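Trainee: I am new to this structure. Please show me how to read it.

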Amino acid sequence: MPAAIARKPPSEMKLLGISGSLRRVSTNSALLRALADNAPDDVTIEISELIGELPIFNSDREGDLTPCAVEAFGRQIHEADGLIFACPEYAHGIPGGLKNALDWMVSRDEIPNKPAMLVRASTRSDHALSALQEVLRTMSLRLMPEVGFAVHLLGKAAERMEEILSAAEARDGMRQALARFDRFIRAERSA
Ligand SMILES: Cc1cc2nc3c(=O)[nH]c(=O)nc-3n(C[C@H](O)[C@H](O)[C@H](O)COP(=O)(O)O)c2cc1C
């Protein structure tokens, strides 16, 4: 008998969370983890840990010379049905680590037409939000027009973050955001 090919049922959604912060107690990473914890059974959210592993972008190292970590990051993106970005603001811009990761992806084929949703862990980061929206649109991602979910975790200690993110209102908001993103991805597929 031929070996069975493992296929994902069409109803299942695999999402990749990308945090713009490498901090151990990052509010943005905490928000992505909370989204993963609140995802419905047919949605899995993997959180990429690779951004801190990528060397500084150098177009001389594209093609055959592409670093392994960059290939691995590209694979994570390729395998995801959609991307969820949570990004802090540094000096009114996108943190260098995240911009560097995106620069590596500019000339590759994993990113164009990939659906993306932005979520916010700070209501104070308007410059970074609009800069990231501009970069993602320029890279031809399909960006969900509205921010999926926003919560103000800035300056909160880990325990307080947990309290805020586990409150019924926040959990409900995160589930609604994931449901909206799910509908957006399916609509983009059939467009
Ligand atoms: C280098 C640096 C620059 C920052 N610049 C800004 C800024 O321009 N605007 C802002 O609202 N917050 C700024 N912040 C605050 C961060 O956005 C805030 O610490 C955020 O919570 C970091 O996200 P994280 O908790 O996921 O690490 C800055 C923080 C750092 C470390």
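Mentor: Helices (H or I, at least four residues) and strands (E, at least two) are DSSP runs, numbered from the N terminus. Asn38 lies in the loop between helix H1 (27–37) and strand E2 (43–47). This is a predicted model, in which local features need pLDDT of at least 70, side-chain atom pairs count only at pLDDT 80 or more, and totals for chains, interfaces and linings use all residues. Residues are numbered from 1 along each chain as its sequence is written, and side-chain values use heavy atoms, with hydrogens and water left out.

Trainee: Why does Asn38 count as buried?

Mentor: Buried means under 20% relative accessible area, exposed over 50%, partly exposed in between (1.4 Å probe, protein chains only). Asn38 counts as buried because its relative accessibility is 7%.

Trainee: Which residues does Asn38 touch, not counting residues up to four places away in sequence?

Mentor: Contact means heavy atoms within 4.5 Å. On that basis Asn38 touches Arg171, Met174, Arg175 and Leu178, leaving aside residues up to four places away in sequence. Helix H6 covers residues 168–190, and its buried residues include Met174 and Leu178.

Trainee: How is the span of a helix judged?

Mentor: The expected span is 1.5 Å times one less than the number of residues. H6 has 23 residues and reaches 33 Å from its first C-alpha to its last, close to the expected 33 Å.

Trainee: Which residues surround the ligand?

Mentor: A residue is near a molecule or strand if one of its heavy atoms lies within 4 Å of it. Among those around the ligand are Ser21, Pro88, Tyr90 and Leu154.
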